[in-house]
Amino acid sequence: MDLSLKKQVFAACQTRLSERIADLREEMRETKLAASEDTKSSAGDKYETGRAMLDMERERLSAHLNETGKMYDLLASLSATKLYEQVQVGSLVATSRGIFYVSVGLGSVVVDGNAYYCISPQSPMGQALFGLSAGEETLFQGQAVQVTQVV
């Protein structure tokens, strides 16, 4: 595990977030278009209910877009070229339970056919690993987790 792998995992996270932002913007555009094309019919209550549902969907999408934008900004503030001795935000951590990128909670990303778990430092695993160095161990869900390398 080295800096080039960390850069690849970082880039995969950026790509995932960029795609998510683009998808959310497209969904918002489609929802806005659906609202503008919705014509008032003789069934006024049905029209009003449809409009209310579209408004709620736009609010939901807007909240998701805002949250994803914050995640992207947080990720962008990290350095993919900085080496760490201890687990902290921006660390790529090899453990006995997998390899974790402590950054933003995205789930797994695949690089060269291998899964890397992108976790926030506030996640249970992020909290369990935080501050540990290579060779140290912690308990997570009643099982020992050995840190083998920190980049």
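Which loop, between which strands, holds Gln141? Gln141 sits in the loop between strand 5 (137-140) and strand 6 (143-150). The model is predicted.

**Two loop residues with positive phi**

Gln141 is not a glycine, yet its phi is positive, at about 50°. Asp112 is another non-glycine residue with a positive phi, near 50°. Asp112 belongs to the loop between strand 3 (107-111) and strand 4 (114-119). Relative accessibility is 66% for Gln141, which counts as exposed. Asp112 is exposed too, with a relative accessible area of 65%.

**Nonpolar cores**

In soluble globular proteins, nonpolar side chains tend to be buried together. Here, the largest nonpolar core has 19 residues. Val9, Cys13, Leu75, Tyr101, Leu106 and Val109 touch the most other members. Helix 1 (3-37), helix 2 (44-76), strand 3 and strand 4 each give two or more residues to this core. Helix 1 supplies the largest share, six residues. A second, separate core holds 14 residues, including Tyr84, Val87, Ala128 and Phe140.

Beyond neighbours within four places in sequence, Leu106 is in contact with Cys13, Arg16, Leu17, Arg20, Met71 and Cys118.

**Two buried residues**

Thr68 lies in helix 2. Its relative accessibility is 4%, so Thr68 counts as buried, the cut-off being under 20%. A polar atom of the Thr68 side chain lies 2.8 Å from the backbone oxygen of His64. Setting aside residues up to four places away in sequence, Thr68 touches Leu17, Arg20, Ile21 and Leu24.

Val150 is placed in strand 6. Val150 is also buried, at 12% relative accessibility. Ala134 is 16 residues from Val150 in sequence, but their C-alpha atoms are 6.1 Å apart in space. Neighbours within four places aside, Val150 is in contact with Tyr84, Glu85, Gln86, Val87, Ser91, Leu92, Val93, Leu132, Ser133 and Ala134. Tyr84 and Val87 are among the members of the second core.

**Accessibility at a glance**

| Residue | Relative accessibility | Class |
|---|---|---|
| Asp112 | 65% | exposed |
| Gln141 | 66% | exposed |
| Val150 | 12% | buried |
| Thr68 | 4% | buried |

Methods: Residues are numbered from 1 along each chain as its sequence is written. This is a predicted model: local features need pLDDT of at least 70, side-chain atom pairs count only at pLDDT 80 or more; totals for chains, interfaces and linings use all residues. Side-chain values use heavy atoms; hydrogens and water are left out. Helices (H or I, at least four residues) and strands (E, at least two) are DSSP runs, numbered from the N terminus. Buried means under 20% relative accessible area, exposed over 50%, partly exposed in between (1.4 Å probe, protein chains only). A nonpolar core is a set of buried Ala, Val, Leu, Ile, Met, Phe, Trp, Tyr and Cys residues joined through side-chain atoms within 4.5 Å. Contact means heavy atoms within 4.5 Å. A polar contact is a pair of N or O atoms within 3.5 Å; within protein, one must be able to donate a hydrogen and the other to accept it, and residues adjacent in sequence count only if both atoms are side-chain atoms.
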